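Let's take a friendly walk through a protein model. Have a look at the sequence and the structure first, and then read on.

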Amino acid sequence: MLSRRRALQIGAATSVLGLAACSRGGGASGDAGGEGPHEFTTTASGSLASMGFNPSDEVGQARADYAAAQLPDLQVEMDTTNFDSQKFTAQAAAGQVPDLIQFDRALVATFAANGLIMPLDQGFEVHGVDPAAQYYDAALRDVTHDGAIYAVPQFFQPSALLVNTRAAEAAGLAPGDFDTSDPDALLRVVEKGTTMEGSAPVTLGFDGDIPGSAEMWMQVFGGGSVGEDGAPTLDRAENVEALTWIKELLDLQGGYAEVTSLKNAMDVFGEQNQYVTDQVVAQSWAQWYLNVLTDFADAVEIQAVPVRSLDGTAIGFAGGSAFAVPTAAANADGALAWALAATSTEAWLKAGEARQATAAEAGGINTGLFTGSPEADQQVREQFVDPSGDPDFDQAISVYYDVLAEPRSTGSSPVGEQIKQALLDATTAALNGEKEPAQALADAQASAQGDFESAS
């Protein structure tokens, strides 16, 4: 279940091997055929081919409908399959790319550094969009490379701790006991909340989504895997401290293998999920999982607690997707116009209205939208997220919105995927006891640094 959960949170893992070989022949980033960066206009007509965007739910369809209404001279043809980086780089090598792609923000700097996507700053200016005002700083940093913006952010679903208050009370605990700003105290809370049968846990005191959320925990400790210049910073002292704590956390609950075995057996999306069956006291989850639990609102008792850094600051860590315009796009003007229309505040309000209608029709709870745009989030919340009558869910919804005051993300690097993989490998090696945390991160740093120097 861990791999499935990770995929749902940040999108399917993509390989970027061979990117440089596919792309270096096309000239500098934003240079189509050696003619210089594309000069955007507000023209939006003709055909537009997109890849990776699938308006399969009411949120996506409402935004696509809004964009279509604003750009009636644009005929959009969508490849709605998940974005495939290998397929895209093959298309780029053949000079036959779509006009617009939707993909994980972790890949933006890599594609930018290899000349596969266009810088968009001049396009934002032409359309009268101020990116600094429109998007969360953290999301904007993810799509910025060498001082230029290369993609249009969308979605920013932060993480928080979801506490099973029924199980917590049975263990003599309260939601406020799960305070990540005091890691040592939290370990004692976890030990108290964990139930073991022999060497195997039957109730987890706390699941921190490890190794999937290792980056978030490193930022809790003041660290992180990517520096301001895009270089890897995996072996920072704060990261070693975080990984050492993560191993203690899992060892208290039977160890990485036993915890993973229990999690793999959980019915995470079903009516016998871990909150219904009291298999967990608390877990960290991105906001989307709150939507899953609304289907079982009568059977669960929950409260949300912010993830706090060591200085006590409540943080909202998230990844997400973005729209980008390939360097060789045939209709770059139409592509950017459509992306901006589909991520405008007006589009998100249409999506919020559709989400509210769907929840009302099903007799469910509207948990809101988390869009990548602070203005859109605020307006959607004010207009469409009404009290549900369920105090548990209303409290949790408020926490997820509140942590957006301090948005955090991994950051931008031309070797972002390699850094992510190195961190995953280091975390797994430490948790399995193959290496001490410091050595695991030192080895990861050496590998990622080599990739970074090769890309520079």
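## Strands side by side

Strand 1 and strand 3 (residues 100-104) are paired in the parallel sense over two bridges; strands pair if DSSP finds at least two bridges between them, and a strand is a DSSP run (E, at least two residues), numbered from the N terminus. Across this pairing, Met51 faces Ile101 of strand 3. Strand 1 (residues 46-51) also runs parallel to strand 2 (residues 74-79), and six bridges join them.

| Residue | Stands opposite |
|---|---|
| Met51 | Ile101 in strand 3 |

Residues are numbered from 1 along each chain as its sequence is written, and side-chain values use heavy atoms, leaving out hydrogens and water.

The average pLDDT (the predictor's confidence in each residue, from 0 to 100) is 92 for the chain, and 92% of the residues score at least 70. Residues 1-34, however, have a pLDDT below 50. Where pLDDT is low, predicted coordinates should not be read in detail.

Now to the domains, whose bounds come from an automatic or database domain assignment. Domain 1 covers 46-156 + 320-355, and domain 2 covers 157-318 + 415-455. Their centres, taken over C-alpha atoms, are 31 Å apart. Between domain 1 and domain 2 there is one salt bridge, meaning a side-chain nitrogen of Lys or Arg within 4 Å of a carboxyl oxygen of Asp or Glu.

Technical notes
This is a predicted model: local features need pLDDT of at least 70, side-chain atom pairs count only at pLDDT 80 or more; totals for chains, interfaces and linings use all residues. Helices (H or I, at least four residues) and strands (E, at least two) are DSSP runs, numbered from the N terminus. Contact means heavy atoms within 4.5 Å.
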